[in-house]
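Subject: Structure for your files

Hello,

Here is the structure I said I would pass on. My notes on it follow below.

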Amino acid sequence: MIELIFIKILFSVALILILTLIAEHLSPKASGILAGIPTGTALLLFFYGLEHGAEFAVKSSVFNLAGMVAMHFFIFAYYKTSVMNTKLNIFFSSVLAIAAYFIAVLILKQFNFNIYSALILSILYLTFFSYL
C-alpha cells in the first residue's frame, strides 16, 4: 500500500515537471494544452486498475466519459460568472460552478451508461459546448 502511494506521488511530480519543462522550453500554451488533456483521468484509471483490477478500471472509464460532461458544466458556469465585475466575483463564480457541477451529476446519475451511450453523450456535449 505504501509503495502504491509512493508511485502515485512520483507519477504526479513527474507529470508536473514534464509540463513545466514544456512550458519553459516550448511554450506555456503548449504546456497548458497538454495539461488540459485528461492525463489525470489516464493516471486515475491506471491506478484504479492497479488497486482494484483491470475490469474495475474498464467499467470506471465509461462513467469517466460521462463525468466529463459535469466537469464541462463546471468550467462553463465558472467562465460565464467570472466575467461579472463584482467584489465577490471569485466566490460567486466558485459557488455557481460547483452548483452547476452537482446539478449535472444529479441528472447524469439517472442514466445507466455503457460505452456507446457515454461516447454519444461525449460527442453531443462537445458539439454543444463548441458553439457556446
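Helices (H or I, at least four residues) and strands (E, at least two) are taken as DSSP runs and numbered from the N terminus. Thr81 belongs to helix H4, and Ser93 to helix H5, residues 89-108.

Two remarks on sources. This is a predicted model, in which local features need pLDDT of at least 70 and side-chain atom pairs count only at pLDDT 80 or more, while totals for chains, interfaces and linings use all residues. Residues are numbered from 1 along each chain as its sequence is written, and side-chain values use heavy atoms, with hydrogens and water left out.

The chain as a whole

The chain has 6 helices and 0 strands, in the order α-α-α-α-α-α along the sequence. Its C-alpha atoms fill a box of roughly 45 × 45 × 25 Å along the principal axes. Of the 132 residues, 22% are buried, where buried means under 20% relative accessible area, exposed means over 50%, and partly exposed is in between (1.4 Å probe, protein chains only).

Among contacts (heavy atoms within 4.5 Å) with a separation of 6 or more, 57% are between residues 24 or more positions apart.

Thr81 and Ser93

Both residues count as buried: Thr81 because its relative accessibility is 12%, and Ser93 because its relative accessibility is 1%. The side chains of Thr81 and Ser93 are joined by a polar contact of 3.2 Å. A polar contact here is a pair of N or O atoms within 3.5 Å; within protein, one must be able to donate a hydrogen and the other to accept it, and residues adjacent in sequence count only if both atoms are side-chain atoms.

A polar atom of the Thr81 side chain lies 3.3 Å from the backbone oxygen of Tyr78, and one of the Ser93 side chain lies 3.3 Å from the backbone nitrogen of Ser82.

Thr81 and Leu96 are 15 residues apart along the chain, with their C-alpha atoms separated by 7.6 Å.

Aromatic pairs

Rings of Phe, Tyr and Trp (its six-membered ring) pair if their centres lie within 6.5 Å; planes under 30 degrees apart are stacked, over 60 edge-to-face, and the rest tilted. The count by this rule is 10 aromatic pairs. One of them is Phe73 with Phe129, which is edge-to-face because the ring centres are 5.2 Å apart and the planes stand at 80 degrees. Phe73 is in helix H4 (residues 54-82) and Phe129 in helix H6 (residues 115-130), so this pair ties together parts 56 residues apart in sequence.

Phe76 and Phe129 also form an edge-to-face pair, with centres 5.7 Å apart and planes at 65 degrees. Phe76 lies in helix H4 and Phe129 in helix H6, so that pair links parts 53 residues apart in sequence.

Phe129 counts as buried at 15% relative accessibility, whereas Phe73 is partly exposed at 32% and Phe76 is partly exposed at 25%. One aromatic cluster is made up of Phe73, Phe76, Tyr125, Phe128 and Phe129.

Regards
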